[in-house]
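Dear colleague,

I am handing over the structure we spoke about, and my notes on it follow below. Please have the sequence and the coordinates open while you read.

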Amino acid sequence: MSALSSNAADPTPIHMLGRMAVEIVEAIGDLVTFFLRMLGGMLVRWPRARVLWPVMYEIGVQSVPVIFVTGLFIGMVLAVQSYDTLRMFRLESRIGSIINVSLVRELGPVLAATMLAGRVGSAMAAEIGTMRVTEQIEALKALGADPLTYLVVPRFLACFLLIPALTLVADGVGMFGGWFVSVQVLGVSDHFFWLYSQQFISAYDVIAGVSKSLFFGAAIAVIACHRGFHCGAGAEGVGRAATDSFVFSFIAILVLDLLLSIALNNLYRLLWALGITVV
Amino acid sequence: MKPSTPQPPSVSPVLELRQISQSFGTQGVLREVTVKVQRGETLALIGESGCGKSVTTKLLAGLLDPTRGEVLWEGRPVKGRASSELRRDRLRFGYLFQGAALFDSMNVYENICFGLRENTDLKEPEIREIVLERLREVGLAANVAEKRPADLSGGMKKRVGLARALAMSPDVIFYDEPTTGLDPVMSDVINELILQTQSRRNVTSVVVTHDMQTVRRVADRVVMLYPLGRVAPGMPQVIFEGTPDEAFASEDPRVGCFVRGEAGARLKEMSAA
């Protein structure tokens, strides 16, 4: 008993590690329960158009400028960074394949998701958190609306359905940025830029990138709304919810990216072994 | 004082908390509290800040699930009802929140018609008529409908909150600190609106307040809660139940000091703590 008391007062690193593991498992369990309750709510009642459209506009259309700018500059930076190395091996004509494969497979989906988590996810967590702090969520309940269905479902649908389009915008603009610097500034042949791009990018790469983005979008919406619903009291609580939303979303994006990349690569090998090619 | 005489209590209370305990994490707020609200009466819940008045009201309205004990509406337990039934039953209640809790993203019109749009099939002209009628009822002009909550004063927010609470023509209205933060004149306007609502609609009302003027003017019955941390073990948390006159005449120093707004031995207690 005395040993237990002393442990509680002065935990060892092992205790702290164990406590952290329990907290992580609890947090993931809570998040999954929240997601399943949201899915249940979606099956019971689909959001009304007058609620869904403004959220889609805010999350989808309003995110285009920031994704446009970041995509453009990432494409240009990739060109600048790759050119010198490729030139050492006299392979600068293949720069298009490096830039565009990187963008389509990895950078486009991850960039769009990161921007969405920063611009939209934090705002969603702060908005819902403020609603919680100011009793607006209880007001929704009192007025006969299910807060989960009313607040989370439209945001989930908007993130889930619109992130593929935002990913394609990031891909396209990034390619243009890479092409502009490579061809117009660094003097790489326009013909070879697109020829090697075409040779190295398959339809599977585009589909895989877009598929990954669907998972990222779902994770961002669920994490942001969950943080908002579990927001602490006052301005500090709202600020913490917004910060946590971005940090947890970013970690989720990276972890999902790794797991999905492994899964999609294995799927590609499986399809290839079965003689199914996605060109 | 309230002009109309209170109605005789019905057999089954319209709302009841039976032996309710409520805690948030390790923080206990209520312990074995029993409160009954009779049909047609106006019950004032009074007590120091943090004693659990708002929590009690939210439990009565079904906005919180109790940690222990039973909540009954019309003599039937709330627990075990399907969520759709619960949502429908809750529409019989109107709730004026402490800070009005107006939806920031909507204008006044959208706030007031929220419940109607979510829960009825009324056409827009009918909804508009109801919204304008409710605005008139709380003494606000029709042009307020287009304003955002951020553009309203504290008193206007409370009145819009009341209009929203009345939109679905509820049988029971909860007022959570309706006059807090308002100037004396606006406080009296809100008290008058509570009385008018009571006489026009014959609703049951639960008013959470610190304002003894409100208690004197609107309440038929008073229930006083004491903070759980200062209740002696085994003693009830509800320290007074009776009419406003009885509350003002109470010989219990805890009740007497509170209703008269006197510190009494409180400062010494706080220093000792």
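After α5(A) comes A:E135, a residue whose phi is positive, near 65 degrees.

In chain B, what I would point you to is a set of paired strands. Strand β1 (residues 15–24) and strand β2 (residues 27–37), both of chain B, pair in the antiparallel sense over seven bridges, and within this pairing B:L17 of chain B stands opposite B:V35 in β2(B). The two strands form a hairpin with two residues between them, and B:G25, which lies in the turn, has a positive phi of about 65 degrees. β1(B) is also joined by five bridges to strand β4 (residues 68–73) of chain B, again in an antiparallel arrangement, where B:L15 has B:W73 in β4(B) as its bridge partner.

As to confidence, the mean pLDDT of chain B is 87, with 95% of its residues at 70 or more, while for the complex the predictor gives an ipTM of 0.85 and a pTM of 0.84. Where pLDDT is low, the predicted coordinates should not be read in detail.

Conventions: Residues numbered from 1 in each chain as written. Chains lettered and ligands numbered in written order. Predicted model: local features only at pLDDT ≥ 70, side-chain atom pairs only at ≥ 80, totals over all residues. Helix = DSSP H or I, 4+ residues; strand = E, 2+ residues; numbered from the N terminus. Pairing = 2+ DSSP bridges. pLDDT = per-residue confidence, 0-100.
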